[in-house]
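Notebook open, model loaded. I'll jot down what I look up as I go.

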Amino acid sequence: MNKTTSFLAASATAGLLLEGPLLPAVSAEEQLATPVQPLSGQRYQTLCALARYLDETAQGALEGAADDVRRGASTEVRFLPAIRSFARGAGDFRRRVDGHLSSPLEAPPQVADLSERARVMSDRLRAAQALQSTYDEWDAIVDVLRRMARLLDGHAVEVPTPFRVPALSGTALEQFRELAHALEASATRAHSKASREVGGYPARGRQFLAELHYFAAQSENLRRRVDAGDLEPQKIGPMVDHLREEARQADRRMRDAQVFSQVWDDSSRTIDILQRMANLVRS
């Protein structure tokens, strides 16, 4: 069932000024009309799908850029604020479309603005030969925005297939598998050391031991998936990112609390392994 809402059409405002009758409320799909042709039914659903594709691809470009900065030249960090701003704008646009726009003429200028920003961002990166791993994503972003503009202009367009990073293969695949095993070994070693030393930390030792146990279990689960051949970047990448963030937070909390200093080296090694895995999955 389509979401519905009501709003006063522009001519209804004129009717108020003339003390004339209000026009009846219209559907959310009619609300997304353009001067060329009302955007309704399947065409409205197409806009929703295009907005979702834009949002997801922009978020992927931001994540890839952030990873490139962490492993590349520090000068590339200057591009991150603009990329982050664009990704935020793409997400806002998706939410507006999903929640229905407040004006029938709101979408075209927003799409035009995002299109110009994407084109400028893509050109800047290429001119500087920076963040090269994101070039394909920026091409996909420019393409989907072009499709949106055509849709809003009354043309029929197709939703592109989800943007996908090529699956790992060859040397990169072997390195990723080796790192998955190294990650499990490092996490297991840290948990074993903490188990032996937990008595020396009566205040918070049990708490951090439970966290290390959970992390070791998650590392084992990741290694099992890798060994089973589940290496699609769109699936394995978020798992690596999640574990990396958890490892960073756990490491910071242990150091701040001065707990389990015996495993700090293992903790740093674990974070480094996860960073290398993240680099490979987006290379």
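Predicted model: local features only at pLDDT ≥ 70, side-chain atom pairs only at ≥ 80, totals over all residues.

**Overall layout.** I counted the elements to start with: the protein has 10 helices and 0 strands. Helices here are DSSP runs of H or I with at least four residues, strands are runs of E with at least two, and both are numbered from the N terminus. Read from the N terminus, the order is α-α-α-α-α-α-α-α-α-α.

Residues are numbered from 1 along each chain as its sequence is written, and side-chain values use heavy atoms, with hydrogens and water left out.

I looked up burial for the protein: 44% of the 283 residues are buried. Buried means under 20% relative accessible area, exposed means over 50%, and partly exposed is in between (1.4 Å probe, protein chains only). The accessible surface comes to about 14700 Å², and carbon and sulfur atoms hold 52% of that. Those areas are from the Shrake-Rupley method with a 1.4 Å probe, and for residues only the protein chains shown count as cover. For contacts (heavy atoms within 4.5 Å), I took the pairs at least 6 apart in sequence and found that 72% of them join residues at least 24 apart.

**Helix α4.** I went to residues 80-99 next. This helix has 20 residues and reaches 28 Å from its first C-alpha to its last, close to the 28 Å expected at 1.5 Å a residue. The expected span is 1.5 Å times one less than the number of residues. Its buried residues are Leu 80, Ile 83, Phe 86, Ala 87, Gly 89, Ala 90, Gly 91, Phe 93 and Val 97. After α4 comes His 100, with a positive phi near 80 degrees.

Which residues here have a positive phi without being glycine? I noted Gln 129, at about 50 degrees, and Leu 131, near 50 degrees. I flagged them because most residues other than glycine have a negative phi. Gln 129 sits in the loop between α5 (107-128) and α6, and Leu 131 has its place in that loop too. Buried or exposed? Gln 129 counts as exposed because its relative accessible area is 60%. Leu 131 is at 1% relative accessibility, so it counts as buried.

**Arg 150.** I found Arg 150 in helix α6 (residues 135-152). It is at 41% relative accessibility, so it goes down as partly exposed. Not counting residues up to four places away in sequence, Arg 150 touches His 155 and Val 157. I also checked Arg 150 against Pro 108: they are 42 residues apart in sequence and 9.8 Å apart in space, C-alpha to C-alpha.

**Helix α8.** This helix has 23 residues and reaches 33 Å from first C-alpha to last, close to the 33 Å expected at 1.5 Å a residue. Its buried residues are Gly 205, Phe 208, Leu 209, Leu 212, Phe 215, Ala 216, Ser 219, Leu 222, Arg 223 and Val 226. I stopped at Arg 223, which lies in α8 and counts as buried because its relative accessibility is 15%. Leaving aside neighbours within four places in sequence, Arg 223 is in contact with Ala 180, His 181 and Glu 184.

Just after α8, Gly 229 takes a positive phi of about 90 degrees.

**Second largest pocket.** I finished with this pocket, which holds about 230 Å³ of space. It has 17 lining residues, and the closest to its centre are Leu 212, Phe 215, Glu 246, Ala 247 and Ala 250. A pocket, on a 1 Å grid over the protein atoms alone, is an open set of points where a 1.4 Å probe fits, with protein on both sides within 12 Å along at least five of seven lines; lining residues have an atom within 4 Å of a point. Grid points are joined across faces, edges and corners, and the volume is the space filled by probe spheres set on them.

Where does the lining come from? α7 (170-197), α8 (205-227), α9 (233-257) and α10 (264-281) each supply at least two residues. The largest share, 7 residues, is from α9. I sorted the lining into 8 nonpolar, 4 polar and 5 charged residues. Nonpolar covers Ala, Val, Leu, Ile, Met, Phe, Trp, Tyr, Cys and Pro, charged covers Asp, Glu, Lys and Arg, and the others, Gly among them, are polar.
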